[in-house]
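This report describes the packing and local geometry of one protein chain. The sequence and the coordinates come first, and the commentary follows.

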Amino acid sequence: MTVWPHGRRCALTLTFDFDAETNWLSRDPANAKRPGTLSQGTYGARVGVPAVLSLLREEELTGTFFIPGWVVENRTGRCEEILKDGHEVGHHGYLHKWVDPDRPEEELAEMEAGLDALRSKLGVVPAGYRSPAGETSPNLIRLLTEKGFLYDSSLMDSVEPYYHCLSGDRRGLVELPWHWSLDDAPFLLFAISSPRPIFTNEHILSIWKAEFEAIREMGGLINLVMHPQAIGRPSRIQMLRRFIEFTRGFGDVWYATCSDVARHWSSQNDFDPQDAAINPFIRV
Ligand code: ZN
């Protein structure tokens, strides 16, 4: 079990994937001619991010925002507001392209373009990376380690941080796992091309609260993944406020940014290449 700072029972990271229009553009290039579809992403930039920032200010909490390079270049002002409020900004690709493991040159190009945008527009050298839609590859995990990233947050194979293991039993970067059940997108993101139900706040809260309580008992990491275009809807922001209040009731939660968690965890844990839990599909 992880030992968290100040004797806290578990860690909670509030993370926001600020995709704006990129998740729609990358899903189908034809969406570039569909302002209706794209406007869902525009809402995230126009209304969602300010609503999230306002809530975090009220709650005096610091979040982690993963932002594609295209958004950094086209929504620079919003990204600056995020930084001004003291939040962490991480890498989230360039155009939110899903990783294709058979095209490592595209992985590299997307990685470099995202890094360039963060550095040139915001002066940010990101400590962390989250892959678009949770799709990653062994090559990308190796690339992130070689580029000096502290952590990745793309995989779903634990409720605690862990080290990746590269070929030759080399230590890789820290993984901060997540899961779809602690993500707003499956409950709230709707596309006319692939319609799915939109869930009530009570439904989402019941899943998030139950996952929180169970992971807290295990002493793990609750890595909440949200999208300003989804959680930024008026009643959904109220739902997030209710969820934060619920977690505060336990009095033993460490609210932290992803880099705080990765830094703390790696200071407490040694790398063991013999760890039976190591993911064999990542070892390259
Ligand atoms: Zn995303």
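C10 is buried, with a relative accessibility of 0%. The model discussed here is predicted. The cysteine sulfur closest to that of C10 belongs to C258 and is 14 Å away, which is too far for a bond. A disulfide would need two cysteine sulfur atoms within 2.5 Å, and the number found by this rule is zero. C165 is another buried cysteine, with a relative accessible area of 2%.

**Nonpolar core**

The largest nonpolar core has 49 residues. Within this core, L14, F16, F18, I67, W208 and L224 touch the most other members. The element that gives the most to the core is helix α2, residues 35-59, which supplies seven residues. The surroundings of L14 can be listed in detail: apart from neighbours within four places in sequence, L14 is in contact with L56, L61, G63, T64, L224, M226, I244 and A256. One of these partners, L224, is also among the residues that touch the most other core members.

**Helix packing**

Two packed helices are described by the angle between their axes and the distance between the axes. For α2 and helix α4, residues 76-84, the angle is about 5° and the axes are 11 Å apart. Angles under 35 degrees count as roughly parallel, and α2 and α4 are therefore roughly parallel to each other. Which residues make up the contact of α2 with α4? On the α2 side they are A45, R46, V49, P50 and L53, and on the α4 side they are R78, E81 and I82. By type, the residues of this contact divide into five nonpolar and three charged, with no polar residue.

**Positive phi values**

Two residues other than glycine can be described here for a positive phi. H6 has a phi near 55° and is found in the segment before β1, which spans 10-17. H6 is exposed, at a relative accessible area of 67%. D169 has a phi near 60° and lies in the loop between β6 (162-166) and β7 (170-175). D169 is partly exposed, at a relative accessible area of 34%.

**Separation in sequence and in space**

| Pair | Residues apart in sequence | C-alpha to C-alpha distance |
|---|---|---|
| H6 and D252 | 246 residues | 8.9 Å |
| L143 and E107 | 36 residues | 9.0 Å |
| P177 and R46 | 131 residues | 29 Å |
| R170 and L25 | 145 residues | 37 Å |

P177 lies in the loop between β7 and α7, the latter covering 185-188. Is P177 buried or exposed? Its relative accessibility is 3%, and P177 counts as buried. Leaving out residues up to four places away in sequence, P177 touches L155, D157, S158, E160, P161, Y162, L221 and N223.

L143 is found in helix α6, residues 138-146. With a relative accessibility of 9%, L143 counts as buried. Beyond neighbours within four places in sequence, L143 is in contact with E107, L108 and M111.

R170 lies in strand β7. R170 is partly exposed, with a relative accessible area of 39%. The loop that holds D169 runs between β6 and β7, and the loop that holds P177 runs between β7 and α7. D169 is partly exposed, whereas P177 is buried.

Notes. Residues are numbered from 1 along each chain as its sequence is written. This is a predicted model: local features need pLDDT of at least 70, side-chain atom pairs count only at pLDDT 80 or more; totals for chains, interfaces and linings use all residues. Side-chain values use heavy atoms; hydrogens and water are left out. A nonpolar core is a set of buried Ala, Val, Leu, Ile, Met, Phe, Trp, Tyr and Cys residues joined through side-chain atoms within 4.5 Å. Buried means under 20% relative accessible area, exposed over 50%, partly exposed in between (1.4 Å probe, protein chains only). Helices (H or I, at least four residues) and strands (E, at least two) are DSSP runs, numbered from the N terminus. Contact means heavy atoms within 4.5 Å. Axes are lines fitted to C-alpha atoms, for helices over the stretch in contact, and angles run from 0 to 180 degrees between N-to-C directions. Angles under 35 degrees count as roughly parallel, over 145 as roughly antiparallel, 65 to 115 as roughly perpendicular and the rest as oblique. Ala, Val, Leu, Ile, Met, Phe, Trp, Tyr, Cys and Pro count as nonpolar, Asp, Glu, Lys and Arg as charged, and the others, Gly among them, as polar.
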